[in-house]
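This report walks through one protein model for a reader who is meeting it here. Please keep the sequence and the 3D view at hand while reading.

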Amino acid sequence: MPAEAKVDASSARQEQRPESRPDSPPLTQRQEARRRRILHASAQLASRGGFDAVQMREVAESSQVALGTLYRYFPSKIHLLVATMQDQLEHMHGTLRKKPPTGETAAERVAETLMRAFRALQREPHLADAMVRALTFADRSVSPEVDQVSHQTTAIILDAMGLEHPTPEQLSAVRVIEHTWHSALITWLSGRASIAQVKIDIETVCRLIDLTAPGDAK
């Protein structure tokens with residue numbers, strides 16, 4: 001693990017600030033605008049040079065905030081990059097809602113959705129690698145942010161399924177699909193899987209949706 005990641009993980013435990021937590025009170029309009037600038041700067045730096053290119057001082061300079069202010073929003077580089085992933089997934093979710101998947105079954109729609117999301121990340125491999133590495137490095141201090149990534153991924157899958165009230169069995173299938181999707185990202189980024197193999201794995205795991213559907217629901 002890079003030295004900065006180790007230092008940041010330690011500082012995160014020592015310097016936790018309310019504004020950086022997903023369950024904190026809503027931000028003001030000005031605070032939200034500042035937060036968005038920070039996330040944009042993080043994504044831009046990661047897109048250019050991956051995980052190592054995201055240095056907190058450079059993020060502060062690019063987003064035009066004081067370094068101390070940046071740490072109040074995001075106590076570490078890991079917190080920042082995990083939040084960046086959640087933000088990217090939220091943007092993808094909005095795009096997918098504007099152009100929903102067209103598959104006949106829920107399994108086909110979810111597979112199509114996840115492959116579209118995967119290809120969006122494929123277009124920004126350095127950014128994808130930085131965000132996935134941050135998820136891998138995340139310790140317990142980053143659990144709320146990691147949970148937000150998981151919740152966003154779940155929302156994307158449930159929307160593709162067309163479900164508002166999934167059964168426990170369906171939620172279990174969704175979790176397995178999430179795990180497979182994230183694992184596929186890691187294996188692709190490390191060069192151990194092709195896009196074709198990722199597609200096969202995603203389509204295979206999405207068949208769990210049909211197995212857990214009540215009655216003949218799709």
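## Terms and basis

A residue is called buried when its relative accessible area is under 20%, exposed when that area is over 50%, and partly exposed in between, with a 1.4 Å probe and only protein chains taken into account. By this scale Phe118, at 0% relative accessibility, counts as buried.

The model is a predicted one, in which local features need pLDDT of at least 70 and side-chain atom pairs count only at pLDDT 80 or more, while totals for chains, interfaces and linings use all residues. Residues are numbered from 1 along each chain as its sequence is written, and side-chain values rest on heavy atoms, with hydrogens and water left out.

## Overall build

The chain has ten helices and zero strands, where helices (H or I, at least four residues) and strands (E, at least two) are DSSP runs numbered from the N terminus. Of the 218 residues in the chain, 45% are buried. Its exposed surface comes to about 11,300 Å², of which carbon and sulfur atoms supply 51%, the areas being computed by the Shrake-Rupley method with a 1.4 Å probe and, for residues, with only the protein chains shown as cover.

Among contacts (heavy atoms within 4.5 Å) with a separation of 6 or more, 77% in this chain join residues 24 or more positions apart.

## Two aromatic pairs

The structure holds two aromatic pairs; rings of Phe, Tyr and Trp (its six-membered ring) pair if their centres lie within 6.5 Å, and planes under 30 degrees apart count as stacked, over 60 as edge-to-face and the rest as tilted. In one of them, the ring centres of Phe51 and Phe137 are 5.3 Å apart and the planes stand at 75 degrees, so this pair is edge-to-face. Because Phe51 lies in the loop between helix 2 (29–49) and helix 3 (56–63) while Phe137 belongs to helix 7 (residues 125–137), the pair ties together parts that are 86 residues apart in sequence. Phe51 is buried, with a relative accessible area of 1%, whereas Phe137 is partly exposed at 22%.

Phe118 and Trp188 also form an edge-to-face pair, with 5.3 Å centre to centre and 65 degrees between the planes. Phe118 lies in helix 6 (residues 106–122) and Trp188 in helix 9 (residues 168–189), so this pair ties together parts that are 70 residues apart in sequence. Trp188 is buried, with a relative accessible area of 16%. Returning to Phe51, the charged end of Lys77 sits over its ring, 3.9 Å from the centre; a charge sits over a ring if NZ of Lys or CZ of Arg is within 6 Å of the ring centre and within 35 degrees of the ring normal.

## Helix 7 and its cover

The 13 residues of helix 7 should span 18 Å at 1.5 Å a residue, and the end C-alpha atoms are 18 Å apart, which agrees; the expected span is 1.5 Å times one less than the number of residues. Within helix 7, Leu127, Ala128, Ala130, Met131, Val132 and Ala134 are buried. What covers the buried residues of helix 7 includes helix 2, helix 5 (77–98), helix 6 and helix 9.

## The annotated region

An unreviewed UniProt entry carries the annotation "DNA-binding region" for residues 55–74; positions are given in the numbering used here, feature names are shortened, and such annotations may be inferred rather than shown by experiment. The span of residues 55–74 is 75% helix and 0% strand, and its end C-alpha atoms lie 12 Å apart.

Tyr71 is found in helix 4 (residues 67–73) and is buried, with a relative accessible area of 19%. Gly68 also has its place in helix 4, but at 39% relative accessibility Gly68 counts as partly exposed. Gln64, in the loop between helix 3 and helix 4, is exposed, with a relative accessible area of 68%. Most residues other than glycine have a negative phi. Gln64, however, has a positive phi, near 60 degrees.

## A glycine in a loop

Gly103 lies in the loop between helix 5 and helix 6 and, at 17% relative accessibility, counts as buried. Leaving aside residues up to four places away in sequence, Gly103 touches Glu108, Arg109 and Glu112.
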